[in-house]
Amino acid sequence: MSKTNETTDTQQPVSILQSFTDLGMFASKDVHADTITLPNGAKAQFHVRELPDAEFRKLWGEGDRAKLIAATICDEDGKPVMNVTQAAQLKPLVAAELQRVAMKHSGFGEEAAQAQADAGND
């Protein structure tokens, strides 16, 4: 029997769904603070929300970086800070940095892999 299914006199078995939740397998409702360095050297601080798989795959499949940025870059309450039209007007280097951050918080890229390794989840 696996540890997640074992019971003791005081513990109830943990459901697979609860185990998945406890392990952080679902997109977080929390937002994460992040920063990028702009081409002029200034720092831009903002928040990022994680996307659930279905939303991420839809945006990734469309291949529209502006949609990904508009869906993920937010304020500390998780509200979008720009729409797709505004995100499409960003400078290419800024948009690329915001895309990198969005991907990192969705679990993709070297930075995401390093964050997982640092957390002991490799």
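Which residues of helix 5 are buried? They are V94, A95, L98, V101, A102, M103 and H105, where buried means under 20% relative accessible area with a 1.4 Å probe, protein chains only. This is a predicted model, with residues numbered from 1 along each chain as its sequence is written, and local features need pLDDT of at least 70. Side-chain atom pairs count only at pLDDT 80 or more, while totals for chains, interfaces and linings use all residues; side-chain values use heavy atoms, leaving out hydrogens and water.

**Helix 5**
- Helix 5 covers residues 92-105; helices here are DSSP runs of H or I with at least four residues, strands are E runs of at least two, and both are numbered from the N terminus.
- Its 14 residues reach 20 Å from first C-alpha to last, close to the 20 Å expected at 1.5 Å a residue (that is, 1.5 Å times one less than the number of residues).
- The buried residues of helix 5 pack against strand 1 (31-37), strand 2 (43-49), helix 2 (53-62), helix 3 and strand 3 (73-74).
- Just past the end of helix 5, G107 has a positive phi of about 95°.

- Three strands make an open sheet in the order 1-2-3, with antiparallel pairing (a pair needs at least two DSSP bridges).
- Strand 1 and strand 3 are the edges, each pairing on one side only.
- Strands 1 and 2 are joined by 7 bridges, and D34 has F46 in strand 2 as its bridge partner.

**T72**
- T72 sits in helix 3 (residues 65-72) and counts as buried because its relative accessibility is 0%.
- Setting aside residues up to four places away in sequence, T72 touches H47, V48, R49, L51 and A102 (contact means heavy atoms within 4.5 Å).

Technical notes. Buried < 20%, exposed > 50% of the residue type's maximum accessible area, 1.4 Å probe, protein only.
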